[in-house]
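Morning, everyone. Let me put the model on the screen, and then I'll walk through it.

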Amino acid sequence: MPGAQERVLRRRIGSVQNTKKITRAMELIAATRVAKAQLRAHEARPYAEHITNVIQDLAAGGAQVDHPLLRPVEIPEKIGVVVMAADRGLAGSFNSSVIKAAEREVQAARSGSKQYALVTVGSKPADYFRFRNYEIEAEFRGFSDKPTFSDAARVAGRVSDLFVNGGCDQILIAYTRFISLGSQEPVVRRFLPLESTEVVATGGDAGATAGFEFEPSGAAVLESLLPRYVEARIFAALLDSAASEHASRQRAMKAATDNAEDLILKLTRKINQVRQDAITTEIMEIIGGAEALADDRGDPEDLLLDHMFSDPFPRHDGEHSRHVIGHDSF
Amino acid sequence: MSLQVELVSPERVAYSGDAKMVVCRTTAGDIAFQPGHIPLIGVLQTHPVKIIGEDSEMTVAVHEGFVEVSAPDADGNTRITILSDVCELADAIDVDRARTAKERAEAALLSDPNDPGAQSALERAEVRLSVLEAS
């Protein structure tokens with residue numbers, strides 16, 4: 001009959017085992033998803049590269065680089081911060097580290113007595129900032145683990161609008177850069193205005209000889225190209241963030257599964273020890289009881305045990321054992 | 001001398017291969033590219049793009065975007081890149097969906113002929129259907 005402590009331990013092992021099953025499943029799911037997310041990020045790269053090339057060619061071709069999205073600012077008055085994190089937790093420090101990075105930017109803007117506008121992607125940052133009474137300009141949720149281009153276009157549209165019409169002079173973007181399966185890094189990047197000097201300078205004179213023609217005109221091409229460029233960059237950040245989310249979750253769940261295994265091992269040891277203790281105590285009690293009885297009668301031959309076993313305690317002492325058998329056959 | 005064509009959508013490279021000629025419609029009108037074309041950057045309309053190969057012809061639904069013709073390389077190969085939010089090859093188009101989208105857009109236009117959303121939806125559906133017919 002298991003003791004109370006043993007029963008409690010057994011129940012705990014059961015619950016840890018159930019938790020372990022869940023974390024193991026989540027680990028495996030995250031592992032397949034991270035591979036898919038990586039593939040998507042990889043497949044999206046050509047578009048971003050090509051669109052950057054086109055902008056450089058455009059600049060090289062002598063198009064007028066004058067667009068609201070390129071408008072440079074000396075000292076920004078209102079800073080927009082875009083935070084990209086996950087809709088769900090259980091991904092280690094993935095959410096908190098990128099949220100902290102964004103919050104630092106907002107605090108910096110506040111202490112510099114500047115205005116800020118927050119755009120959140122994913123439920124976690126929205127909940128975090130809402131709980132702390134930050135003003136949230138726009139929030140997006142529901143696609144953090146598998147963003148599509150149309151999701152990116154929606155975010156980009158809102159962010160560009162904030163920059164062009166919403167009074168923000170600078171947009172920062174906080175997301176998690178996917179470096180490899182083992183390492184992701186929360187980063188804050190300047191997003192808007194687009195770095196026209198950089199984009200234009202790199203293409204500077206290399207393509208000047210290319211002499212591009214434009215249909216219908218350089219300005220018109222730029223006009224429709226820049227929003228796409230913004231979308232492509234947001235999309236790239238979203239995909240990076242999604243891949244990082246899955247990688248972080250995989251790692252967190254792996255750690256949780258390992259922990260559960262350790263815990264089960266420890267609890268099993270404990271339960272064995274407790275059981276052993278209980279048995280020892282029981283034996284002690286029986287022996288104690290028996291001795292008490294023996295003391296009462298004063299005759300060891302009256303032990304109850306003698307009746308249960310034909311030869312309970314084989315003795316080396318021959319005479320004594322013969323005596324016991326004789327008693328039994330009586 | 002050949003024409004290397006690449007159709008790139010934000011999510012992946014939809015098509016890449018060689019061709020003899022590419023025909024598409026920019027906002028300034030139809031334009032065809034052959035190997036050795038002058039470098040050009042154009043804004044595309046929502047219109048089917050025709051890729052004509054040695055012995056085959058392919059039509060792709062392209063919903064706005066850009067075409068870039070880069071300067072011929074040392075071998076005289078010209079690279080054409082079409083960047084678009086949506087590049088759909090015929091086999092990726094859902095006929096029923098395109099048809100219902102067309103009907104829906106037409107119905108919306110009956111009540112409000114100036115609805116820009118419905119107009120572009122109708123345009124997209126028609127492009128998809130014409131690509132299907134051509135294939």
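How many helices and strands does the secondary structure of chain A come to? The count is 8 helices and 6 strands. Here helices (H or I, at least four residues) and strands (E, at least two) are DSSP runs, numbered from the N terminus.

Some ground rules. This is a predicted model, where local features need pLDDT of at least 70, side-chain atom pairs count only at pLDDT 80 or more, and totals for chains, interfaces and linings use all residues. Residues are numbered from 1 along each chain as its sequence is written, while chains are lettered from A and ligands numbered from 1 in the order in which they are written.

Chain A next. Along the sequence, the pattern reads α-β-α-β-α-β-α-β-β-α-β-α-α-α. Chain A has 330 residues, and 32% of them count as buried. Buried means 20 or more other C-beta atoms within 10 Å of a residue's own, with C-beta atoms placed from the backbone.

Now contacts. Two residues are in contact if their C-beta atoms, placed from the backbone, lie within 7 Å. Take the contacts in chain A with a separation of 6 or more: 78% of them come from residues 24 or more positions apart.

Look at helix α1 of chain A, residues 4-60. Its 57 residues should span 84 Å at 1.5 Å a residue, and the end C-alpha atoms are 81 Å apart, which agrees. The expected span is 1.5 Å times one less than the number of residues. Where is the kink in α1(A)? At A:A44, about 30°, shortly before the proline A:P46. That bend is the angle between axes fitted to the seven residues ending there and the seven starting there.

On to chain B. Strand β1(B), residues 3-8, runs parallel to β9(B), residues 78-83, with 6 bridges. Strands pair if DSSP finds at least two bridges between them. B:E6 has B:T81 as its bridge partner in β9(B). On β2(B), residues 13-19, β1(B) has 6 bridges too, but antiparallel. There B:Q4 stands opposite B:D18.

Finally, the interface. 22 residues of chain B are in contact with 23 residues of chain A. The largest share of the chain B side, 4 residues, comes from β5(B). Strand β6(A), residues 213-215, pairs with β5(B) in the parallel sense over 3 bridges. Within that pairing, A:E215 stands opposite B:G42.

Note on methods:
A residue is buried if 20 or more other C-beta atoms lie within 10 Å of its own, exposed if 12 or fewer, and partly exposed in between; C-beta atoms are placed from the backbone.
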